[in-house]
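Please look over the sequence and the structure shown here before reading the notes that follow.

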Amino acid sequence: METTSTPTHCPYCALQCGMNLSPAREGGVEVTERADFPVNRGALCGKGRTSAAVLAPGMRLTSPLVRSGGVLVPAGWDEALDRIAGAMRGTRAEHGPDACGVFGGGGLTNEKAYSLGKFARIALGTSQIDYNGRFCMSSAAAAGIKAFGLDRGLPFPLEDIPRTGCVILVGSNLVETMPPALRYLTELKENGGTLIVVDPRRTRTAEQADLHLAPRPGTDLALALGMLHLVVAEGRTDEGYIGERTTGWEEARAAAMAHWPEYVERITGVSVPELREAVRLFCEPEAAMVLTARGPEQQSKGTDTVGAWINLCLATGRAGRPLSGYGCLTGQGNGQGGREHGQKADQLPGYRKLDDPEARRHVAAVWGVDPDSLPGPGRSAYELLEALGSDIKSLLLMGSNPVVSAPRAAHIEERLRSLDFLAVADVVLSETAELADVVLPVTQWAEETGTTTNLEGRVLLRRRALTPPDGVRSDLDVLHGLAARLGVEKGFPTDPEEVFEELRRASAGGVADYSGITYGRLAEENGVFWPCPGPVEPGSPDDAEAAGVAGDGSSGPHPGTPRLFLDRFATPDGRARFAPVSHRAIAEEPDEEYPVLLTTGRVVSQYQSGAQTRRVAELNAAAPGPFVELHPRLAARLGAAEGDPVAVVSRRGRAVAPARITTAIRPDTVFMPFHWPGEGRANTLTNPALDPTSRMPEFKACAVRLEAVAPAGE
């Protein structure tokens, strides 16, 4: 272990807060404040403060496990890797390469995500790879690409938020999901700006708002269209900006004008005066922003919903201008970088498209293979999981826990059990790892060096602070060992900096261009924003200009791009594109049998599927288990009191958890957090209906009924 503190970043959310890891007296490390990192300026939430707890040997896996006699037993690394490689070879021989699947995670470093995509396409030759980030930001990504030609969560740094005039925060409980970011909203209001929060619950974030709009779940699209209708009707459009910097306005305008305020009130439950006030607050200041999170995105129409909020920005001239714009609050720790470098079903490094012949030629040249040998696009995340046991016979899964996190989770658990072979690489024995034939113990963030990319598009360097326990290897070691056993002796280095150097070359000229970024720069500059192209060869196109980045004419290294689109958008003509969208219902509306809406989300002291945070005593004391949040009127009809067990039943299954009765939620809606397995697993209930563009499942709205449950022992 190092004898001095090591500057690094939190393993959890996409803020990637800076922290120092210092030697602890009793061994291991302790988390201490790191004030020099601008995103969190030393502040940490409870998850960040306790993140070192999961490093303890008793918390995590320290030996490979293999299934023998129906149970998992310790084994050596050679045996474990031989079993995986043998199973994959057998599957390919009997069923073809696409019968081998790979499932990644938004918490993997850029180096791991890059290597995993390469492994799938080169070592296995399969098209069947995707990752759990498909369940998080994919609708916002798809809408951003349609509108701007580029997907980066925030096109501006977080430091711009307090200096704008108004922020509309749609479907984000930021106070609980990203607590250190609350300061940006607090500073916004201290500077005279206003905050509008759109959420069906009066969350701790909504309590900070100047105006809280509480639409019925699944109606955010209608809400955005109603606001745009009023913008037009009240003469608040920026016609000069629309004419100079956008296309498609007439079609989008016509669609919005079909959503008059009274009609939108009937759909959403948001009153016409509230709609008018929201438009006034948004349009009166010189600058304003719209920020979305999972609320509007995790819908079967999530891409269109985000597109409608982008339309509001474009119509009022609030995109590609200082202190204005649309942004997505990316969720997972490397949710941004994880969707840029090849672990997605349709993607090559640098955010290149797998079906683009030029992209295939470029990446194949870096990898030293024939472009024609690269498989085409594969299934999206849910479709891949749905195909397990039928078309896909063997699966390698890294850094994900779909038994808890996937929609229609009981069905996905069945699909995982139906596989001929399942291998899981993880830090802990998650609920998914418990089903595996082989489990590989891999290093955690403090035990390895690598890069992540936070929600701002800031590429960061995590540094190794301590030596991993005996018996634990990195994911890069795993891929190297498996590739060698599958006949690919070269191309899978175990040194993360060597992998990053190759990633730089593979991303060069792509939308997410990292070619001008080095480990040295990341250490010296506290992160670098992409796109950051390397030296431009004479006669080649200016990559920065192609990405909507203004060059400064200097001959030194590219400085990175904190703010996108100030001169042009990343579309071929440099103009942003309006989306001609109209409201449509969610995939599963309430009816007589299932009369209530369920929405899901997170709580402050747990993270994602809870595989790690549920092992930390301090966090479990604050959030010990699932619950059903419901309005007093709904509770009275059910005859439920605070803490009584309540069953929530959908067409896909049944979950039971204690009642939490509050007026902070709409009377027609219940809320469940999704961090827990077992009887209270919220994703047993959720609907896998997919967005036609992003393939995002509809986690945020489905029809359920409530049933009273007799307390245990009665």
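Predicted model: local features only at pLDDT ≥ 70, side-chain atom pairs only at ≥ 80, totals over all residues.

Residues are numbered from 1 along each chain as its sequence is written, and side-chain values use heavy atoms, with hydrogens and water left out.

Strand β6 covers residues 100-104, strands being DSSP runs (E, at least two residues) and helices likewise (H or I, at least four), numbered from the N terminus. Five of the five residues of β6 are buried, where buried means under 20% relative accessible area with a 1.4 Å probe, protein chains only. Cys-100, Val-102 and Gly-104 point one way from the strand, while Gly-101 and Phe-103 point the other way. In a regular strand the side chains alternate between the two faces of the sheet.

The table lists strand pairings, for which DSSP must find at least two bridges between the two strands.

| Pair | Partner residues | Sense | Bridges |
|---|---|---|---|
| β6 and β16 | 394-398 | parallel | four |
| β6 and β7 | 129-131 | parallel | three |
| β19 and β20 | 458-462 | antiparallel | four |

Within these pairings, Phe-103 stands opposite Leu-397 in β16, and the bridge partner of Gly-104 in β7 is Tyr-131.

The open sheet has three strands in the order β19-β20-β21, with antiparallel pairing. Its edge strands, β19 (450-453) and β21 (528-529), each pair on one side only. Gly-450 stands opposite Arg-462 in β20.

Technical notes. Buried < 20%, exposed > 50% of the residue type's maximum accessible area, 1.4 Å probe, protein only.
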